[in-house]
Amino acid sequence: MRIHAIETGRVQIKASQIAGRGHGLARRLAPLTDSQWSAWLPTIAYAIEHRDGVILVDSGASAGLMRLPRWHPYFRFAVRFDIEPDDEAGPQLRALGIGPSDVRRVVLTHMHIDHDGGLGAFPQSEILVSPGELEVASGIAGQIRGYLPQRWPKSFDPKPLALDSVAYGPFACSRRLTADGAIVAVATPGHTRDHLSVIVEDGEEAFFIACDASYNEGAMLAGQVDGVSADEGVASATLGAIRAFAASRPTIYLPAHDPDAARRLAKRRTTRDSHSVMSEQEAGAK
Ligand SMILES: [Zn+2]
């Protein structure tokens, strides 16, 4: 099974969005007034070549994000995109020899604006979204929450991806996405209430496509909750579950905005490898 990291342009957010500061509402409002921008980070969608057809996990950002509704304080003060039309998932997959009809399914981990862009390139694909996420993102209320439902393509007709109350390792709810059972959606609530992640089993190893379950691997390993999650306890428990999973088998951890994710994927570098690198650095610093 091959997995491609598709970098759909770059994004800058606030440092306090990546590593939440304070607690409760103050933590969630901090990115609006924080003057410290992150470095330019990738926005990655992941394409899994499976014999049942390609599964695209998130559709990434779109060039339309260069123009955002200015009335919204988050768009106005807390996020910047850098993306050209050719950087969108559709053109990039085509360059890899994967046409729109090869993409059988698009699984959206959540519907934030840099994860559901460029969907118009996949009119024939089955789009799978958690029903709760779709509800939160829809309508005027969705726009106020910072989603862009008014930009979903006409062809957008998602199928509900409801997870079953069947545990998969430390995750309470899950759903197998392929007949061979090797690709599994698991509930990773926190960043959004219905955020899900996709696990690809490949022999002993597992690829954990986390998207925004944490912004990077270090935050997951450290249990650092972001500045977006509504419920700190829920987010923290999800990060703990991911660590437990990564301790149970060699796991390559793949968030959407981690500058190191594509390299880890190419080298199949597991969280255990990263952890030993971090420990060596800590030992070296002493
Ligand atoms: Zn997000």
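Analyst: Buried means under 20% relative accessible area, exposed means over 50%, and partly exposed lies in between, with a 1.4 Å probe and protein chains only. The model is predicted: local features need pLDDT of at least 70, side-chain atom pairs count only at pLDDT 80 or more, and totals for chains, interfaces and linings use all residues. Residues are numbered from 1 along each chain as its sequence is written, and side-chain values use heavy atoms, with hydrogens and water left out.

User: Why is H191 called buried?

Analyst: The relative accessibility of H191 is 5%, which is under 20%, so the residue counts as buried.

User: What makes H110 buried?

Analyst: H110 has a relative accessible area of 0%, and the limit is under 20%, so the term applies.

User: Which atoms coordinate the zinc ion?

Analyst: They are H110 (NE2), H112 (ND1), H191 (NE2) and D212 (OD), at 2.1 to 2.2 Å. Donors are N, O and S atoms within 2.8 Å of the metal (3.2 Å for Na, K and Ca), so these atoms qualify; water is not among the atoms, so sites may look incomplete.

User: Why is the site of the zinc ion called irregular?

Analyst: Angles among its four donor atoms run from 89 to 176°. Four donors are tetrahedral if all angles lie between 85 and 135 degrees; four are square planar and six octahedral if opposite donors are over 155 degrees apart and all others between 65 and 115; anything else is irregular. The site is therefore assigned to irregular.

User: Why does R21 count as partly exposed?

Analyst: R21 has 38% relative accessibility, which lies between the 20% and 50% limits, so the residue is partly exposed.
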